[in-house]
Amino acid sequence: MSSDHRVRNIFIQGAISSGFIGEKIADHAAKKNIGGHSIFLGQVRADLKEDKEVTGIEYTSYEEMALEKMHEIRQAIFAKYELTCMHVYHSLGLVSVGEISLFVFASSVHRAPAIEACREVVERIKKELPVWGKELLSDHSHVWKENRN
Amino acid sequence: MSSIKISVLFFGQITDYTLVNRIELNDFKDTDTVLHYLKTMFPRLKESPYQLALDKEIIHENTLLTSHHTVALLPPYAGG
């Protein structure tokens, strides 16, 4: 069984480092049945809002609700796709422009389930997890992040 | 009648004008009554989009409250 019933924590305080991502990839070397990984990395962009540049995003969440919802999404994804494993990490707190705030990592025997599951999980995270992003602007004011389709 | 004690949680842009993340309320019988009170306290709530969750489940209709219920006001999600 590649899925389990534990509600896992997905939240990381601050940015997700490239070192952490590298370690997670390396952890899979021992899983000899995996033939493909699909990885999505969400990065904070220096958008212009009201003529001011975004310098970072401060993420907050209704954590308990988000973790229960993520567990539900995870169960549905494992039921739909033949995955070997899947890992999701999302930042809370401040993430500066250029840093990573979302890391989705799906693995399967052949590539297709990993690629399709990874995409679907990213879309569902954006639509269904109670997470908010305060975009901090260069003049120290802020606007609230809105997700596009 | 025994007192009904509930918590109300605010998130995202709503906290720009509530200035707190959480309040405790006594003796509100249902979610409509709570919302009516919150809109009086925080008039900007009338123009804000949000969904309501009761004990982490989204609700779409007026719901009776009992003690220890947690009502949360959730503006549009923006994760990722």
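Helix α2 of chain B, residues 31-41, has three buried residues to look at: Thr31(B), Val34(B) and Leu38(B). Viewed down the axis of α2(B), these buried residues fall within an arc of 55 degrees, so they line one face of the helix. Do keep in mind that this is a predicted model.

**Around the helix**
- On the face turned away from the buried side, α2(B) carries the exposed residues His36(B) and Thr40(B).
- The buried residues of α2(B) pack against β1, β2, β3 (51-54), β4 and β5 of chain B.

**The sheet of chain B**
- Five strands form an open sheet in the order β2-β1-β5-β3-β4 (chain B), and their pairing is mixed.
- The edges belong to β2 (22-26) and β4 (57-59) of chain B; each has a single partner strand, so one side of each is left without a neighbour in the sheet.
- On average, neighbouring strands of this sheet are turned by 30 degrees against each other, direction ignored.
- Four bridges join β1 (residues 5-10) and β5 (residues 70-74) of chain B, which pair in the parallel sense.
- Opposite Phe10(B) you will find Leu73(B) in β5(B).

**Where the chains meet**
- Chain A brings 21 residues to the contact and chain B brings 14 residues.
- On the side of chain A that touches chain B, the elements giving two or more residues are α2 (63-80), α3 (111-128) and β7 (131-137) of chain A.
- The largest share of that side, four residues, comes from α3(A).
- Sorted by class, the side of chain A that touches chain B has 10 nonpolar, five polar and six charged residues.

Key
Residues numbered from 1 in each chain as written. Chains lettered and ligands numbered in written order. Predicted model: local features only at pLDDT ≥ 70, side-chain atom pairs only at ≥ 80, totals over all residues. Pairing = 2+ DSSP bridges. Axes fitted to C-alpha atoms, helices over the stretch in contact; angles between N-to-C directions. Buried ≥ 20, exposed ≤ 12 C-beta atoms within 10 Å, placed from the backbone. Arc of directions from axis to C-beta. Contact = placed C-beta atoms within 7 Å. Nonpolar A, V, L, I, M, F, W, Y, C, P; charged D, E, K, R; others polar.
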